[in-house]
Amino acid sequence: MPNWNVTSLADMSPTSSPHFRILEDIARDLSGEVNFPTCMDAAILVRNTLRDPYASLPRVVQVIGVEPLISSKLLKLANSVAYNPSGRSITELSPAISRLGFEVVRTTSLAVAMDQMLKSRNLSAFDDISHNAWEHSVRVAAIARVLARRIGRINPDEAMLAGLVHDIGIFYLLYRAAEYPEYRQNPATIIELISGWHEGIGESLLHILGLPERITDAVRDHDRLQNVETPCSVRDVLYFANLLAGWDSEWLPHPDDEQEAATRASDRERYADLVEEAEDDIAELRAALSV
């Protein structure tokens, strides 16, 4: 697991940073029993089931069937144009899971959990940030899927999963920050917290959730400039999808380095035409995950 909690807090004291208390609490959680919101329980159960190499389809159906919200989302997604071009509608969970595959099941269960976290009262103090972050995540996921399809060397569903969860650290930080009055009353402080810590904490959470290393590697430093000549990994696809989706200005400092700014602009331009192509995927994914 990433050791951000050890290395990053070592030189910090309660007086040197306004974030020391919350980061110390989170570091304690991540080294023991993580304080996940209740809505994550079903996603974790699905995760644990899918990690079993001998998990059968009936067993997966049984586990998912006890969570109506996840079940309904999977059926909705399985009947969407992206996964059902023939138009043959299905109403049972077993053929829906067979049509989608376990990777999409994992993605959808996590997406549902994150959406429910978004709707919890805990995040009401940060509505603007949380809703913008979720819309951004959906856009990144859909763009990543379209870009992976275009490139042809990366599993599109895995790229979509990376896009959906790449900012899970933001949701977790907001969920925990709601317990601290200093964040509810000071928007600038919560933006500073997110800016400095969402990537490392998100990577740690994904390790705990048991996501493939390709996904956790992609999430690491996803907002940082990367030198990618030819996209050939989930990490590369996530980098471009994140650039193309926009909406990172609230917590990312604008690069002072003119060369870095120019490189980012050039990287966006390389696949700028893909954004329009992805709009249908974005709308469909948003609709499939909505209540």
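Leaving aside neighbours within four places in sequence, which residues is His222 in contact with? The first close-up takes up that question, and the views after it visit other parts of this predicted model.

Close-up 1. Leaving aside neighbours within four places in sequence, the contacts of His222 are His166, Asp167, His198, Glu199, Leu238, Tyr239 and Asn242. With a relative accessibility of 2%, His222 counts as buried, because the cut-off for that word is under 20% relative accessible area.

**Close-up 2. The whole chain, as a setting for the other views.** Here the secondary structure comes to 16 helices and zero strands. Of the 291 residues in the chain, 54% count as buried. Take the contacts with a separation of 6 or more: 72% of them are between residues 24 or more positions apart.

**Close-up 3. The largest nonpolar core, with 97 residues.** Look for Ile64, Trp134, Val165, Ile190 and Leu193, the residues with the most contacts inside this core. Helix α8 (residues 127–151) contributes the largest share, 13 residues. In soluble globular proteins, nonpolar side chains tend to be buried together. Zooming in on Ile190, and not counting residues up to four places away in sequence, you will find that it touches Phe126, Ile129, Leu174, Ala177 and Tyr183.

**Close-up 4. Thr189 in helix α12 (residues 187–208).** Thr189 has a relative accessibility of 15% and counts as buried. Apart from neighbours within four places in sequence, Thr189 is in contact with His19 and Tyr183. His19 and Thr189 are 170 residues apart along the chain, yet their C-alpha atoms are separated by 8.6 Å.

**Close-up 5. Helix α5 (residues 68–78) and its buried residues.** The buried residues in this helix are Ile70, Ser71, Lys73, Leu74, Leu77 and Ala78. Seen down the axis of α5, they fall within an arc of 165°, so they line one face of the helix. An α-helix has 3.6 residues a turn, so residues three or four places apart point the same way. Which helices do the buried residues of α5 pack against? They pack against α3 (41–51), α4 (57–65), α6 (93–100), α7 (102–119) and α16 (272–289).

**Close-up 6. Asn84, in the loop between α5 and α6.** A relative accessible area of 7% makes Asn84 buried. Its side chain is joined to that of Arg99 by a polar contact of 3.3 Å. With neighbours within four places in sequence left aside, the contacts of Asn84 are Ala78, Asn79, Ser89 and Arg99.

**Close-up 7. The largest cavity, with a volume of about 90 Å³.** How many cavities of 30 Å³ or more does a search of the whole structure find? The search finds two. Rolling a probe the size of a water molecule over the atoms shows where empty space is left. The lining of the largest cavity is made up of Leu77, Ser80, Ala82, Tyr83, Ala142, Arg145, Met160, Asp281, Glu284 and Leu285. Helices α8 and α16 each supply at least two residues of this lining, and α16 gives the most, with three. Leu77, one of the lining residues, is also among the buried residues of α5.

Notes:
Residues are numbered from 1 along each chain as its sequence is written. This is a predicted model: local features need pLDDT of at least 70, side-chain atom pairs count only at pLDDT 80 or more; totals for chains, interfaces and linings use all residues. Side-chain values use heavy atoms; hydrogens and water are left out. A nonpolar core is a set of buried Ala, Val, Leu, Ile, Met, Phe, Trp, Tyr and Cys residues joined through side-chain atoms within 4.5 Å. Buried means under 20% relative accessible area, exposed over 50%, partly exposed in between (1.4 Å probe, protein chains only). Helices (H or I, at least four residues) and strands (E, at least two) are DSSP runs, numbered from the N terminus. Contact means heavy atoms within 4.5 Å. The arc is that of the directions from the helix axis to the C-beta atoms. On a 1 Å grid over the protein atoms alone, a cavity is a set of points where a 1.4 Å probe fits but cannot get out, and a pocket is an open set with protein on both sides within 12 Å along at least five of seven lines; lining residues have an atom within 4 Å of a point. Grid points are joined across faces, edges and corners, and a volume is the space filled by probe spheres set on the points. A polar contact is a pair of N or O atoms within 3.5 Å; within protein, one must be able to donate a hydrogen and the other to accept it, and residues adjacent in sequence count only if both atoms are side-chain atoms.
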